[in-house]
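The sequence and the structure are shown first.

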Amino acid sequence: MTDTNPTSGSASSPSLENLLHETRSFPPSEEFAAQANAKADLYEKASADRLGFWAEQARELVTWKTPFTETLDWSGAPVARWFADGTLNAAYNAVDRHVEAGNGDRVAIHFEGEPGDTRTVTYADLQQEVSRAANALTTLGVQTGDRVVIYLPMLVESVVAMLACARIGAAHSVVFGGFSADALRSRIADAEATLVITADGGFRRGAPSALKPAVDEALAPKDGAEATTVQKVLVVQRTKQDVEWVEGRDVWWHEALAAESDQHEPVAVEAEHPLFILYTSGTTGKPKGILHTTGGYLTQTAYTHKNVFDLKPETDVYWCTADVGWVTGHSYVVYGPLVNGATQVLYEGTPDSPHRGRWWELIEKYKVSILYTAPTAIRTCMKWGDDIPGGFDLSSLRVLGSVGEPINPEAWMWYRRVIGGDRTPIVDTWWQTETGAIMISPLPGVTAAKPGSAQVPLPGIVATVVDDEAKPVPDGGGGYLVLSEPWPSMLRGIWGDLERYKETYWSRFENLYFAGDGAKKDDDGDIWLLGRVDDVMNVSGHRLSTTEIESALVSNPIVAEAAVVGANDETTGQAVVAFVILRGEHANRAATPEGAAEVQKELRDHVGKEIGPIAKPKKILVVQELPKTRSGKIMRRLLRDVAEDRAVGDATTLADSSVMDLITAGLAAPS
Ligand code: ATP
Ligand code: MG
């Protein structure tokens, strides 16, 4: 990976070039800063005594059955033990203690179904329902230490099911409701789950969409597959559509819960007791079953949720749009907010059902004050136009968050201006399924936010950018993002595969956790995420980031979304190939060969101007859609297959499998 181009760099040979310059900056208003939970001194406190700081967070934010005396045991590295001699229960922390503190009447969840049905669930209601569900699981034979697979739409029952598992000390493994029977089968087998919680179906884009048939198929005997470990299937009734029923195996959720008491004593478990297994999104390949345990995970999710979103549980209405099938749904729909006693919105459906203003309508209706969503959603709303959110009162919003991919500076600016009324801080939060909770993010009352940068490790977190030799890059340099100290919510391994854990995260650099993401430091030392290391392109010896070129493309007013890949090229090693979606009113411009050529030229020149000639895409292809994972991330490896004229690789975690056919068919047509 040496840099062969004499014009491109310093003697220290940065691993990734730093090309795009963004100079805008938005400090918090004085009013916001004055009332913020986190002030600048949090950084000083944490660096003065890092472990003492985490111990204090764990004692303050979490209720322990037995207090811990030891903070971190790293002797079994890279498997950490945090607060290991303490005991606690996650569901007690998320629910019961708020009722005991006199807040039973506080709304925990404002549920909004896609068809418009609503349900208000207080903390006292949640305590009763979780208790009934915990009793039902016990009656059905689930024991402390067992695994339960949850395969549900976004319902109150999804939250209840997760907490009921936690209450009895069984680990849950939530499988996203959009995954196929095969994906479900392999996840059930990997975890050796004994029970599955599902629903008849859920409402999606105005119609009921069945779920139970996928469970039936996943549990049915199959050639070459071992017999299922599942004994019972608990079925939530949501759509009332017809379902096949296996006597002796299938049980209705509502009947099982009705038969149980609403009293249940939570099982105190050790801090390192497994809380859940969750598979990564599969953006780069085969998903990994990430294991999280109880005490450290709850501490860091609660800490980050309180400080990054500036949560005031008495007055805020919080809404994270992530599905519970993703880690964001685990940490910032279920555990973080509930442990903090927040009031939140839970929405079943898609942003465009029945109309494209649905999200903004919900924000107006519930007076949402904190919104946490993904760049893909923001770019989609940008594409639909400002008028749609413009028709709703969004003045209740006071903090906006972003997660899942690097957010392009122009999307960030749009989010702040159109959704945040040019007023709200934005927190761009970098983290992974593996990290369990937010790691790098501005603090909304402290940091002068820069569009497109996650900026600084949170107090208590140590992250940096290193070069090929594991040396920290200087300000202005680029390389690999690493975490150099253990953190409370870190993964404790890949389920059943310690070797793969070591190999994947700890073998690239000695004693450093390798996140797999490229990053750079700007002249102020702030961190910018530059996309997956697997996606980095090498053009004539220049190592270029996909994110920067995509951001340059999105900064052109005709472009709504862009994905960039490096394709093999005889002369330059790799060549930049861009796939772009044009904004609504420009969509037809590439319909004729002349129009397409004009768009190509305009965008190539634009990238040349924004970044430099080396980054100009060799080819720009106008498409209608981009391939995305079910969690909304662009899957560049499939586009690389197209750019290199190969058969398209494994697309099973793709949200819409027809997208790749559309793209290849569209490109075959002359343009
Ligand atoms: P797989 O590991 O199976 O390929 P995945 O990495 O997409 O899937 P997740 O754990 O859901 O699975 O995603 C974490 C990744 O998402 C990060 O490593 C990073 O690439 C990206 N990411 C998340 N938040 C941000 C952010 N704020 N800025 C930049 N990138 C982000
Ligand atoms: Mg990953």
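Predicted model: local features only at pLDDT ≥ 70, side-chain atom pairs only at ≥ 80, totals over all residues.

Residues are numbered from 1 along each chain as its sequence is written, chains are lettered from A and ligands numbered from 1 in the order in which they are written, and side-chain values use heavy atoms, with hydrogens and water left out.

**Sheets**

Helices (H or I, at least four residues) and strands (E, at least two) are DSSP runs numbered from the N terminus. Two strands pair if DSSP finds at least two bridges between them. An open sheet of mixed pairing is formed by seven strands in the order 5-4-17-16-18-19-20. Its edges are strand 5 (118-122) and strand 20 (426-428), each of which pairs on one side only. Neighbouring strands of this sheet are turned by 15 degrees against each other on average, direction ignored; axes are lines fitted to C-alpha atoms, for helices over the stretch in contact, and angles run from 0 to 180 degrees between N-to-C directions.

Within this sheet, four bridges join strand 4 (residues 107-112) to strand 17 (residues 343-347) in the parallel sense. Glutamate 112 has tyrosine 347 of strand 17 as its bridge partner. Helix 12 (residues 358-366) lies across strand 4, strand 5, strand 16 (317-320), strand 17 and strand 18 (370-373), and runs at about 145 degrees to strand 4. Contact here means heavy atoms within 4.5 Å.

A further open sheet has four strands in the order 21-22-23-24, with antiparallel pairing. Strand 21 and strand 24 are the edge strands, each pairing on one side only. From one strand to the next, the twist averages 45 degrees. Strand 23 (residues 513-521) pairs with strand 24 in the antiparallel sense over four bridges, and lysine 521 has isoleucine 527 in strand 24 as its bridge partner. Helix 17 packs on the sheet and touches strand 23 and strand 24, its direction making about 100 degrees with that of strand 24.

**Pocket and cavities**

Rolling a probe the size of a water molecule over the atoms shows where empty space is left. On a 1 Å grid over the protein atoms alone, a cavity is a set of points where a 1.4 Å probe fits but cannot get out, a pocket is an open set with protein on both sides within 12 Å along at least five of seven lines, and lining residues have an atom within 4 Å of a point. Grid points are joined across faces, edges and corners, and a volume is the space filled by probe spheres set on the points. In the lining classes, Ala, Val, Leu, Ile, Met, Phe, Trp, Tyr, Cys and Pro count as nonpolar, Asp, Glu, Lys and Arg as charged, and the others, Gly among them, as polar.

| Space | Volume | Lining by class |
|---|---|---|
| Second largest pocket | About 530 Å³ | nine nonpolar, eight polar, 11 charged residues |
| Largest cavity | About 100 Å³ | seven nonpolar, three polar, three charged residues |
| Second largest cavity | About 50 Å³ | seven nonpolar, three polar, no charged residues |

The second largest pocket is lined by 28 residues, with Ala183, Ser186, Arg187, Lys286 and Pro287 the closest to its centre. Helix 7 (residues 181-191) supplies the largest share of this lining, five residues.

There are six cavities of 30 Å³ or more. Of the 13 residues lining the largest cavity, Leu20, Trp528, Thr547, Glu548 and Ser551 lie nearest its centre. Strand 24 (527-532) and helix 17 (546-554) are the elements that each give two or more residues to that lining. Residues lining the second largest cavity include Ala90, Cys165, His273 and Thr294; helix 6 (156-168) and strand 14 (274-279) each contribute two or more residues.

**Annotated positions**

UniProt positions are given in the numbering used here, with feature names shortened, and annotations may be inferred rather than shown by experiment. One unreviewed UniProt "binding site" annotation covers Arg204, Arg205, Gly206, Ala207, Thr328 and Ser540. These positions span 337 residues in sequence, and their farthest two C-alpha atoms are 51.2 Å apart, so they do not all gather at one spot. Glycine 206 lies in the loop between strand 9 (201-204) and strand 10 (207-210).

Another "binding site" annotation from the unreviewed UniProt entry includes Gly404, Glu405, Pro406, Thr429, Asp517 and Arg532. Threonine 429 is located in the loop between strand 20 and strand 21 (463-466).

The unreviewed UniProt entry also places "domain: AMP-binding enzyme C-terminal" at residues 548-633. This span is 29% helix and 29% strand, and its end C-alpha atoms lie 16 Å apart.
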